[in-house]
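Thanks for making the time this morning. I would like to walk through one structure with you, going element by element and giving the criteria as they come up.

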Amino acid sequence: MTLRRKALLSVLVTMIGLLTILYLVSKVILVDSAVRMETADVQAQVGKVRDYLSGEIVFLRVQASNWATWDDTVSFLAGHNPNYLDANFSCQAFEGLDLDFLVILDSQDQLGASRACDRQTYKLLPVDANFLDVLLKDSALHYDKLPTDGLAGILLTSSGPVLLAAQPIVPSSAQGPARGTLIFGRRLSSDEIHSIGKATGVDVQAFAKGDPQMPADMQSESSRVSPGGAAAVAAVGTDQIAGYQWVPDVHNQPGLLLRVTSADAVLAESQRTLRSLILAILLAGPLFGTLILVLLERLVLAPLAGLSASVAGIARTGSPSERVRMAGHDELASLGSSINAMLAALERSHEDVRRAYRQNQQLLAAISSILIAVDEADCVTLWNEIAEKTFGMTPGETIGRALVDCGIRWDRAAIEAQIQKCRSQEQPVLLRGFFYQRPGGRDGLLNLDFSTFQGQDSAGSGILILGDDITQQSILEAQLAAAQKLQAIGQLAAGIAHEINTPAQYVGDNMLFLQQAFADLQPLLEADQMVCDGQDGLCPSNLAECVRGAIDPSDLSYYLQEVPGAVDRALEGINRVTQIVRAMREFSHPGSKSKAPADLNRAIASTITVARNEYKHVADVTTDFDANLPPVTCLAGEVNQVVLNLLVNAAHAIADATSNGKTGKGTIAVSTRRDGSFVEIRVADTGSGIPEEIRSRVFDPFFTTKEPGKGTGQGLSLAHSVIVEQHSGTIHFETQMGVGTTFIVRLPLEGA
Amino acid sequence: MTQRVLFVDDDEMILKTLQCLFGRRLSLSIALGPEQGLALLDGGERYAVAVVDMAMPVMDGMQFIALAKARDPHLQCVVLSGTVNLRDQVAPESRSLVYEFLEKPCPSARLLAVIKRAQEQHLLATAAVA
């Protein structure tokens, strides 16, 4: 229901309620007061008629009293005045006294005289027998019952109601008992009643009790009217009102029922007024309702609808940068400005969200790694550009599909297993050097990191896969390792050349000496041969002379002294060369590309031999090999490389600490030990130790403390990679400034 | 006068061999390491030629030569080293201190010839001064 309909309904309900209340109040005030006024008026009219009737009765009584105390009347009753009736009660007299009949009773309640007059025809008549009969039988009029001041009132007879006044007849002197009773009467005919109405200006009707001619309304009202109470009032027809009241008879019983009717003018007027009022209200109601609606529309509803439409428009476009237009200073305007403030806040937070989204997008775009997200059903939800480039598949081809079904040629089972592992352990899982087939068909290597992230609902966790194509990197690493090896060998080669050249020098020199010695000794030996062959006769002189002349005696003693040493030195030199060559072969382990059991003690000893020239001037090497060391499954060539690096570093450290040996030689102690399923190799030097501030960078690639050209900074980094990554071993060091450093390599016996 | 030759090397084998080979043809002394060599130079004996190894503990051959030259500027120094291309590795300003660079293994005839020429050079140098 729209606000306009609600407003219309409210105005309608208010109007109807208002009209109803107005109508009811008006009706109560106008009509009821009119009814009250009319009731009072009608009662007053009834009272007026009763008063009039009372007045008539009093008048009749006074007349009767006058006549009853007149001495002529007394004398008439005593029989002394026979002309009394004729002289005093002609038809004119009846007219003057407004009487219809008179009755005189004697003291025995016997009829003394009676006369009536028909005042229409002006003829004297005898009193109606029925009436006389009633009078004579009425005990209230009997001589002994009649009060001294007489009795007056209404008496019902079969011929109709009459007004009568009965007075005891006494002389004017008022002496003696009453002589009889004088009764004056007047008929209360309908004409008489009519004339009372005329005289009082009241529309009155009267009927005796039990009169069969009594109208129906009077009969029904007669029971309602209490004889002594106020007049009952009732509406008659539509435009008249009537008052009803009993007038008591002489016996003080309900005698005559009066009905006063009056035009219902006040009520009719009030009802007319009410009608006019209702008409006015009916006309004014819609007018004011319309006016209220128009005002409401202009002042409230239209701006409200505008505001509503404006807000709905903003909601439709969803753009919080729009604003609601509001004029004025009322509550709607402040609502509008509140909405605008809300929109501004919304715009700011929208902007924040957009900025965060942009940053997120830029961040995602800036990630130079493969970024793939899968939901709890392992379907791809994110596939970044690097993933597209690496796998040759667009997001459109992959998003929504299961990761293992999207067509990458790799070990699907391994990927599924990693995802499963990551999900069950709820911790990151790493996959290193994982083979896949590149879009061009060549093999590639991937490093993949799997980590869980909570999805939008709690149904399950998604997996975020961050990866790098390390094919190129692996190639470079392999090349770098080879280069480092070459460099180390190059560096060694000079030392080894030196190590070989020195024995070569003295082997050659000694051989030369031996050659000279043999040449000098040859004549002597030939002489000796001749002696042995029995050809000593050939000797030009005697044998002694011959032998003596074969060689200078001083030469002979020299040779006898020096030749054994020269032979020893030549053999020693050859031995040294042989040893070095063997050590070189053992050091480099050509062709060992896969792990094989190796005698580490021997390998390390070879390495120490090969590296001799690197340390021999600054340090002595002591070895403490575990004689029961079992074979270790490893890449012996790589491990030798590591030991060589440690030896060279130890030699350099000692050289630094001893100013190249000027302050005395240091010691490099190399030991091997078995420790459970591990073998521990320790290379300890007596150098100056590693300063605190560079300890954490020792294994970083390209980190070196040596001057440019002396070291690549790759030695320990490669050592770390060989021991940790290729052998699942550990390498760490203990160092103490001024005391030395010990590098400790731990390798698993069974390889990894 | 005899022109004495001093052999300085840290390898006893070399020294013994040289002594054995040239002992009767040259007036020679051997010193095991530079420190001993310097001690002999300081010992009052004058030497015409010194044959010096390069890679030695405490100090290398060039350092020894610099110290020896400081004692006797006319001393002719021959370097006999197992290091390949040694001459190129020595700083140019130090090269003038050296009469001849020889690489091990060096034929003894060549070594002897160089020593003889160095002795002649020494004669010339001392004569010029005198």
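This is a predicted model: local features need pLDDT of at least 70, side-chain atom pairs count only at pLDDT 80 or more; totals for chains, interfaces and linings use all residues.

Let me begin with helix α12 of chain A, residues 412–425, whose 14 residues should span 20 Å at 1.5 Å a residue, and since its end C-alpha atoms are 20 Å apart, the two values agree. The expected span here is 1.5 Å times one less than the number of residues, and helices are DSSP runs of H or I with at least four residues, strands being runs of E with at least two, both numbered from the N terminus. Residues are numbered from 1 along each chain as its sequence is written, chains are lettered from A and ligands numbered from 1 in the order in which they are written, and side-chain values use heavy atoms, with hydrogens and water left out.

Which residues of α12(A) are buried? They are A:A414, A:I415, A:Q418, A:I419, A:C422 and A:R423, where buried means under 20% relative accessible area, exposed means over 50%, and partly exposed is in between, with a 1.4 Å probe and protein chains only. These residues cover an arc of only 170° around the axis, which puts them on the same side of α12(A); the arc is that of the directions from the helix axis to the C-beta atoms. On the other side of α12(A), A:A413 and A:S424 are exposed. The cover over the buried residues includes strands β13 (429–437), β14 (443–454) and β15 (461–469) of chain A, with contact meaning heavy atoms within 4.5 Å. Directly after α12(A) comes A:E426, with a positive phi near 55°.

Two further residues of chain A deserve a comment on their backbone. A:D109, in the loop between β1 (101–106) and β2 (111–118), has a positive phi near 60° although it is a residue other than glycine, and A:D109 is buried, at 18% relative accessible area. A:Y122, in the loop between β2 and β3 (123–125), is likewise not a glycine and has a positive phi of about 60°, but A:Y122 counts as partly exposed at 41% relative accessibility. For chain A as a whole, there are 19 helices and 22 strands, and 40% of its 752 residues count as buried.

Turning to chain B, we find six helices and five strands, which follow the pattern β-α-β-α-β-α-β-α-α-β-α along the sequence; of its 130 residues, 52% count as buried.

How do α1(B) and α6(B) pack, and at what angle? Helix α1 (residues 12–22) and helix α6 (residues 108–129) of chain B pack at about 75°, with axes 12 Å apart, which makes them roughly perpendicular, the class for angles of 65 to 115 degrees, while under 35 is roughly parallel, over 145 roughly antiparallel and the rest oblique. The axes are lines fitted to C-alpha atoms, for helices over the stretch in contact, and angles run from 0 to 180 degrees between N-to-C directions. B:L18, B:L21 and B:F22 of α1(B) meet B:S108, B:L111 and B:L112 of α6(B).

Finally, the peptide bond from B:K104 to B:P105 is cis, with omega near -5°, and B:P105 is found in the loop between β5 (98–103) and α6 of chain B.
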